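Take a look at this protein chain.

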Amino acid sequence: RPPAPNTPPPTQPIAINRAKCEETARHLVKNGTWFGPTLGAPGTGNARTRTFNLAVLQMAFKAGVRLLAGTDGPGSGYWRGDYSQAGRSVQDELAGLVEAGLTPLEALKTATVNPAILFNMTSQLGSVEAGKFADLLLLDADPLMDIANTKRIAAVVVNGRLIDGATRQKLIDDEMAAQKANAKP
C-alpha cells in the first residue's frame with residue numbers, strides 16, 4: 001500500500017514470516033503448483049519490494065517449488081508507445097532469477113524445459129532433438145557463463161528458417177514502426 005500523501009516512503013525491510021512462507025512453499029510443492037515470480041531485471045523496481053520478492057523466491061526454490069519464467073508485459077514503456085525494451089523482458093526475468101540464487105542453467109530451464117513439463121509436451125518441446133519443434137536463439141556468448149549473454153543474439157531459427165541479425169533487426173524495426181503507427185494518442 002502506498003504511503004499517505006506527504007509521507008516519506010518507508011525504508012525498513014519488509015518483514016517476512018519465514019515459517020509461514022516455508023509452510024506455503026511446502027504446500028505448493030505438495031500440490032504440484034508452478035510459480036512464475038515475474039521479477040524483471042536486476043536492480044529495477046522498489047528496493048524494499050524487490051528484496052522481499054527475492055527472499056520469497058529463494059525460499060520457494062529451496063523448497064523445490066517448480067518455477068516458470070514469467071513476464072507481465074513487453075517492457076515498461078510499452079503502454080506509452082515506447083517499444084525500445086520490447087522483447088527483452090524474458091531475458092531480464094532470467095537475470096532476476098539468477099539474482100535470486102538460481103544458476104544460469106536453472107534459470108534457462110524455467111523458460112525452456114519447465115514449460116514443456118507443465119504442458120506435458122516433453123515429447124515435442126523443451127530440448128533440441130530430431131522430430132521436436134525447435135525455435136532457437138543463436139547467441140554470441142555462453143549464457144551459462146553470464147545470463148546477460150541471452151541478450152547477445154546472433155541469429156534466430158523459427159519454424160526451420162534461419163533469420164540472421166540484419167533480417168531480425170529489420171523485422172523488429174518494421175514491427176515497432178507498425179505498433180507506433182497504430183498506437184492510440
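Start where two helices touch. R18, C21, E22, A25 and V29 in helix 1 meet V56, M59, A60 and A63 in helix 2. Seven of the residues in this contact are nonpolar, none is polar and two are charged. Keep in mind that this is a predicted model.

**How the helices pack**

- Two packed helices are described by the angle between their axes and the distance between the axes.
- Helix 1 covers residues 18–31, and helix 2 covers residues 47–63.
- The two pack at an angle of about 45 degrees, and their axes are 9 Å apart.
- That angle makes helix 1 oblique to helix 2.
- The crossing of helix 1 past helix 2 is right-handed.

- R18 and E22 are four residues apart in helix 1, so about one helical turn separates them.
- R18 has 46% relative accessibility, so it counts as partly exposed.
- E22 counts as partly exposed too, at 34% relative accessibility.

- The side chains of K151 and D92 form a salt bridge, at 2.6 Å from N to O.
- K151 lies in the loop between strand 3 (136–139) and strand 4 (153–158), while D92 lies in helix 3 (residues 89–99), so the pair ties together parts that are 59 residues apart in sequence.
- Is K151 buried or exposed, or partly exposed? K151 is partly exposed, with a relative accessible area of 33%.
- D92 is buried, because its relative accessibility of 15% is under the 20% cut-off.

**A salt bridge between K132 and E129**

- K132 forms a salt bridge with E129.
- The closest N and O atoms of this pair are 3.1 Å apart.
- K132 counts as buried, at 17% relative accessibility.
- E129 counts as partly exposed, at 46% relative accessibility.

Methods
Residues numbered from 1 in each chain as written. Predicted model: local features only at pLDDT ≥ 70, side-chain atom pairs only at ≥ 80, totals over all residues. Heavy atoms only, no water. Axes fitted to C-alpha atoms, helices over the stretch in contact; angles between N-to-C directions. Parallel < 35°, antiparallel > 145°, perpendicular 65-115°, else oblique. Left-handed = near helix turned anticlockwise from the far one by under 90°. Contact = heavy atoms within 4.5 Å. Nonpolar A, V, L, I, M, F, W, Y, C, P; charged D, E, K, R; others polar. Buried < 20%, exposed > 50% of the residue type's maximum accessible area, 1.4 Å probe, protein only. Salt bridge = Lys/Arg side-chain N within 4 Å of Asp/Glu carboxyl O.
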